[in-house]
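Here is a friendly briefing to read with the model open beside you.

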Amino acid sequence: MTGSIFALKPTPINVPDDLLADLRTRLESTRWPIDAGNDDWFYGVNRNYLEGLVDYWINEYDWRKSEAAINAYEHYKVSVDGVPVHFMRKAGVGPNPIPLILTHGWPWTFWHWSKVIDPLADPGSFGGDPADAFDVIVPSLPGYGFSTPLVNNPDMNFWKVADLWHVLMTEILGYEKYAAGGCDVGALVTGQLGHKYSEELHAIHIGSAQKLSFFNGDRAWDFSGGRPIPDNIPESIRTDILKLDRRFASHLAVHVLDPSTLAFGLSDSPAGMLAWILERWARWSDNDGNVESVFSKDDILTHATIYWVNNAIETSIRVYANANRYPWIPSHDRWPAVEAPTGITFVGYENPPGITTEQRVQSFLDSDRAQWYNHINISVHDRGGHFIPWEIPDKWVDDLRRTFRGSR
């Protein structure tokens with residue numbers, strides 16, 4: 001490391017009391033829809049559940065307790081090319097920790113990495129090998145969480161974030177070479193790092209492994225890409241295709257086409273904002289129909305409060321529209337496009353229709369996505385949904401460590 005992170009002054013998280021008081025007032029003033037006939041969540045988030053969660057937010061949830069847990073780590077806020085960037089850090093404990101930047105997605109916050117930070121930074125305290133230690137850097141995406149307000153960069157998208165992360169790691173923090181990991185939007189950011197800056201990366205580790213051109217084209221708002229369901233397929237596969245499309249269709253369509261329109265409602269109503277992101281936590285996690293088996297009420301409300309107190313919902317969802325409005329353009333024409341050694345974690349809950357967990361790796365290798373990555377370590381797990389490091393943290397840590405053992 002040529003520079004020193006310690007030259008930066010830590011800035012612990014401290015949400016002003018007046019923001020919390022305003023949140024409480026708005027929650028108490030919620031006007032509820034009737035929501036008849038929605039006991040089974042067919043129409044979206046169920047009022048009875050959400051109303052109980054809002055009551056808990058008002059009367060039982062303690063942000064200051066969550067804030068104290070968050071402040072157990074170092075926090076910094078810097079300007080990267082004029083963009084406000086908050087990041088959390090835990091120093092590595094081992095003979096040669098390498099820097100690792102972890103990028104979250106939507107509707108994640110930086111805190112979705114909280115279960116893996118300690119074992120990645122200090123493996124010896126968790127039954128691991130201290131030689132696997134990382135200096136862990138966990139930023140909030142621009143326009144998310146405490147990387148706000150995003151006023152002067154309304155065009156922010158995943159490949160522009162990758163440029164900011166590279167400046168953060170190499171120029172501001174002074175690392176000559178670093179590692180990167182990410183899921184969801186963060187997997188695209190990380191993939192772009194592995195595409196554009198592979199010479200300065202040890203390796204990357206991601207979930208999902210989509211093409212970097214995923215949001216390019218006229219139908220980026222349509223998860224199916226406009227492809228019709230094939231004829232003469234088993235009914236079970238047809239059902240799974242429809243379930244998968246339904247899981248992602250609404251948020252992709254609105255976030256790509258109308259993010260600001262939606263934001264007027266969600267920025268004014270914390271209950272409305274909570275409903276919109278709760279739907280994703282409930283539908284995307286592997287929870288057997290009970291979201292609280294993955295996210296406790298306190299977990300849900302900690303993430304929601306981070307969005308609310310920073311007025312971050314609009315700038316967070318606009319990243320989708322900007323990925324389409326400002327399409328990804330390759331920095332070189334070499335293949336694989338992502339030249340950095342790449343580890344990938346797949347989870348059973350997101351298996352493609354008709355593909356079992358046992359078939360998942362081969363299915364990927366046979367697809368046109370595999371050629372995008374210099375993949376060196378592919379893992380698949382029966383359990384776990386979209387929030388991999390939160391849902392199966394031990395397995396994510398093991399997978400990531402394995403990726404980097406040959407790249408240090």
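Asn153 touches Gly82 and Val83, leaving aside residues up to four places away in sequence; contact here means heavy atoms within 4.5 Å. Please keep in mind that this is a predicted model, in which local features need pLDDT of at least 70 and side-chain atom pairs count only at pLDDT 80 or more, while totals for chains, interfaces and linings use all residues. Residues are numbered from 1 along each chain as its sequence is written, and side-chain values use heavy atoms, with hydrogens and water left out.

**The loop between β4 and α5**

- Asn153 sits in the loop between β4 and α5; helices (H or I, at least four residues) and strands (E, at least two) are DSSP runs, numbered from the N terminus.
- Asn153 counts as buried, at 17% relative accessibility; buried means under 20% relative accessible area, exposed over 50%, and partly exposed in between, using a 1.4 Å probe and protein chains only.
- Pro149 also lies in this loop, which runs between β4 (134-139) and α5 (158-172).
- The peptide bond leading from Thr148 into Pro149 is cis, with omega near -5 degrees.

**The largest nonpolar core**

- A nonpolar core is a set of buried Ala, Val, Leu, Ile, Met, Phe, Trp, Tyr and Cys residues joined through side-chain atoms within 4.5 Å.
- The largest one has 125 residues, and Trp106 and Ile300 touch the most other members.
- Helix α9 (residues 270-284) supplies the largest share of this core, 10 residues.

**Helix α9 against helix α10**

- Two packed helices are described by the angle between their axes and the distance between the axes.
- The axes of α9 and helix α10 (residues 297-309) come within 10 Å and cross at roughly 125 degrees; axes are lines fitted to C-alpha atoms, for helices over the stretch in contact, and angles run from 0 to 180 degrees between N-to-C directions.
- That angle makes α9 oblique to α10; under 35 degrees counts as roughly parallel, over 145 as roughly antiparallel, 65 to 115 as roughly perpendicular and the rest as oblique.
- On the α9 side the contact includes Met273, Leu274 and Trp281, and on the α10 side it includes Ile300, His303 and Trp308.
- The residues of this contact divide into 11 nonpolar, one polar and no charged; Ala, Val, Leu, Ile, Met, Phe, Trp, Tyr, Cys and Pro count as nonpolar, Asp, Glu, Lys and Arg as charged, and the others, Gly among them, as polar.

**Helix α8 against helix α11**

- Helix α8 (residues 259-266) and helix α11 (residues 313-325) have axes that come within 9 Å and cross at roughly 160 degrees.
- The two helices are therefore roughly antiparallel to each other.
- Pro259, Ser260, Leu262, Ala263 and Leu266 in α8 meet Ile313, Glu314, Ile317, Arg318 and Ala321 in α11.
- By class, this contact has seven nonpolar, one polar and two charged residues.

**Other backbone details**

- Most residues other than glycine have a negative phi, and most peptide bonds are trans.
- Asp184 is not a glycine, yet has a positive phi of about 60 degrees; its place is the loop between β5 (178-182) and α6 (185-196), and Asp184 is buried, with a relative accessible area of 15%.
- Asn232 likewise has a positive phi of about 60 degrees without being a glycine; Asn232 is in the loop between β6 (201-207) and α7 (235-257) and counts as exposed, at 81% relative accessibility.
- The peptide bond from Trp335 to Pro336 is cis, with omega near 0 degrees, and Pro336 is in the loop between α11 and β7 (338-347).
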